[in-house]
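Good morning, and thank you for coming.

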Amino acid sequence: MTTMDSGKDWLPPLLATWRAQRAWILEQQVAIARTAAPTGNESERAALLQQDWRDCGHAVTRDGAGNVMARVTPARPISHSAPVVCLAHLDTVFRADEPLVVLQDGTRTYCPGIGDNGRGLAAMSVLARVLQQPEVRARLQRPIELVLTVGEEGEGNLRGATQWFDDAAARGLTPVAAVAIDGPGDCTIVHHAVGSRRWRITVTGVGGHSWANATTPNPVHAAGVCIAAIARLADASRPSGVVAVTRMHGGEHLTGIPAQAWLDVDMRSLDPARLRTLSDEVERIVVRAVRDASQLQPAQALRYAITVLGDRPAGMIDAHHPLVLAAAAATRAVGRVPQSASASTDANVPLSRGIPAIAIGAGGTGSGAHTAHEWYDDTDSDIGLERVIRTVVALGTAERLAR
Ligand SMILES: [Zn+2]
């Protein structure tokens with residue numbers, strides 16, 4: 001980023017306006033958190049935010065996945081058509097019947113989803129307004145795409161972000177940078193995306209009587225051999241790869257050779273190639289265990305099946321990438337010390353495709369994400385929000401963004 005508008009004259013008044021809006025922002029955040037949005041059923045919350053963006057003058061669209069999208073275009077003709085993309089996920093890990101009760105205790109607000117991603121979504125409401133300001137649009141060098149994504153959490157597998165980047169690629173559009181706005185926080189910059197694969201491995205056989213059919217291949221024994229080997233693999237593969245058997249089940253009767261056993265395996269790495277070799281190794285372990293357990297009775301050989309429960313791509317950019325530097329500069333500008341971090345967010349999708357991406361928090365602090373006891377504290381929340389605005393405005397107004 002060689003030339004960047006420092007915004008020294010025009011940005012502070014704009015930021016001051018938003019500092020004065022803290023109560024309104026928190027109100028938005030609470031309204032968002034109180035609108036259920038379980039992964040796969042985000043439409044009510046999507047409609048709420050769609051209306052909010054329309055109210056501030058955006059032409060809002062939805063895609064096939066259910067993402068909510070608005071595009072901010074520069075006020076004057078520009079030569080850069082590649083946009084900056086800001087993403088925030090709509091969905092929560094909570095089921096539709098989870099009570100979304102708000103409890104206020106001083107500066108703390110308790111509510112499932114209040115921080116993750118109520119805070120990020122509230123920041124998107126602010127961004128939608130900031131980017132409409134004439135003083136910002138007049139300085140934009142490239143379009144800014146605002147995207148509220150579906151299916152970020154758990155078994156959503158980053159479905160919304162994947163759809164958006166697929167569609168962009170189909171239109172020949174390669175964003176110059178992507179910024180995922182996720183949860184509270186004002187100093188960490190996630191530029192390492194943890195990739196993960198989650199498998200259910202099911203081993204099946206014919207089953208039988210444990211005395212009369214004593215040589216019948218036993219799926220639980222084979223599963224046990226798998227677990228022991230995966231445990232050794234886990235010890236051998238840290239820290240570049242992490243693997244764990246996280247759930248297991250098998251057998252039907254106390255006195256029968258089981259007909260079925262299954263285990264769930266969670267594999268993670270920052271390196272896509274490492275994730276592939278790790279999953280290849282796990283599959284080899286299963287093949288070997290099933291073959292060995294079937295040796296005495298080849299006619300009754302065990303079978304295995306692998307069901308993919310999760311697949312999130314890995315990727316990273318280094319700490320000196322211009323995008324990370326821009327976020328770090330914004331962090332310092334608000335008086336915080338930038339910290340590198342790794343996580344699994346919507347930024348995984350662009351990072352895995354070679355598009356520079358980061359994830360940052362949207363201010364305030366919080367804890368208990370993904371639990372019913374989640375809380376958010378609004379103390380100094382303007383600092384993190386200001387960091388988000390500074391980062392996005394810097395990316396939108398920089399004359400050059402290439403490395
Ligand atoms: Zn989140």
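**Salt bridges, metal site and core**

Arg336 counts as partly exposed, because its relative accessibility is 28%, which falls between the limits of 20% and 50%. Please keep in mind that this is a predicted model. The side chain of Arg336 meets that of Asp186 in a salt bridge, with 3.2 Å from N to O. This pair links distant parts of the chain: Asp186 sits in the loop between S7 and S8, and Arg336 in the loop between helix H9 and strand S16, 150 residues apart. Asp186, with a relative accessible area of 11%, is buried.

By the rule applied here, the count of salt bridges is 18. Which residues are linked in a network of salt bridges? They are Arg22, Arg119, Asp378 and Asp382. Within it, Arg22 pairs with Asp382, their closest N and O atoms being 3.3 Å apart. Arg22 belongs to helix H2 and Asp382 to helix H11, 360 residues apart. For Asp378 and Arg119, the corresponding distance is 3.9 Å. Both Asp378 and Arg119 are buried.

Let us turn to the metal. The zinc ion has protein donors from His89, Asp116 and Asp182, at 2.0 to 2.7 Å. His89 lies in strand S3 and Asp182 in the loop between strands S7 and S8, so the pair ties together parts that are 93 residues apart in sequence. The site is irregular, with angles of 51 to 147 degrees among its 4 donor atoms.

Finally, the largest nonpolar core has 76 residues, and Trp53 and Ile358 are among those with the most contacts inside it. Helix H4 gives the most to this core, namely 8 residues.

Notes: Residues are numbered from 1 along each chain as its sequence is written. This is a predicted model: local features need pLDDT of at least 70, side-chain atom pairs count only at pLDDT 80 or more; totals for chains, interfaces and linings use all residues. Side-chain values use heavy atoms; hydrogens and water are left out. Donors are N, O and S atoms within 2.8 Å of the metal (3.2 Å for Na, K and Ca); water is not among the atoms, so sites may look incomplete. Four donors count as tetrahedral if all angles lie between 85 and 135 degrees; four count as square planar and six as octahedral if opposite donors are over 155 degrees apart and all others between 65 and 115; anything else is irregular. Helices (H or I, at least four residues) and strands (E, at least two) are DSSP runs, numbered from the N terminus. A nonpolar core is a set of buried Ala, Val, Leu, Ile, Met, Phe, Trp, Tyr and Cys residues joined through side-chain atoms within 4.5 Å. Buried means under 20% relative accessible area, exposed over 50%, partly exposed in between (1.4 Å probe, protein chains only). A salt bridge is a side-chain nitrogen of Lys or Arg within 4 Å of a carboxyl oxygen of Asp or Glu.
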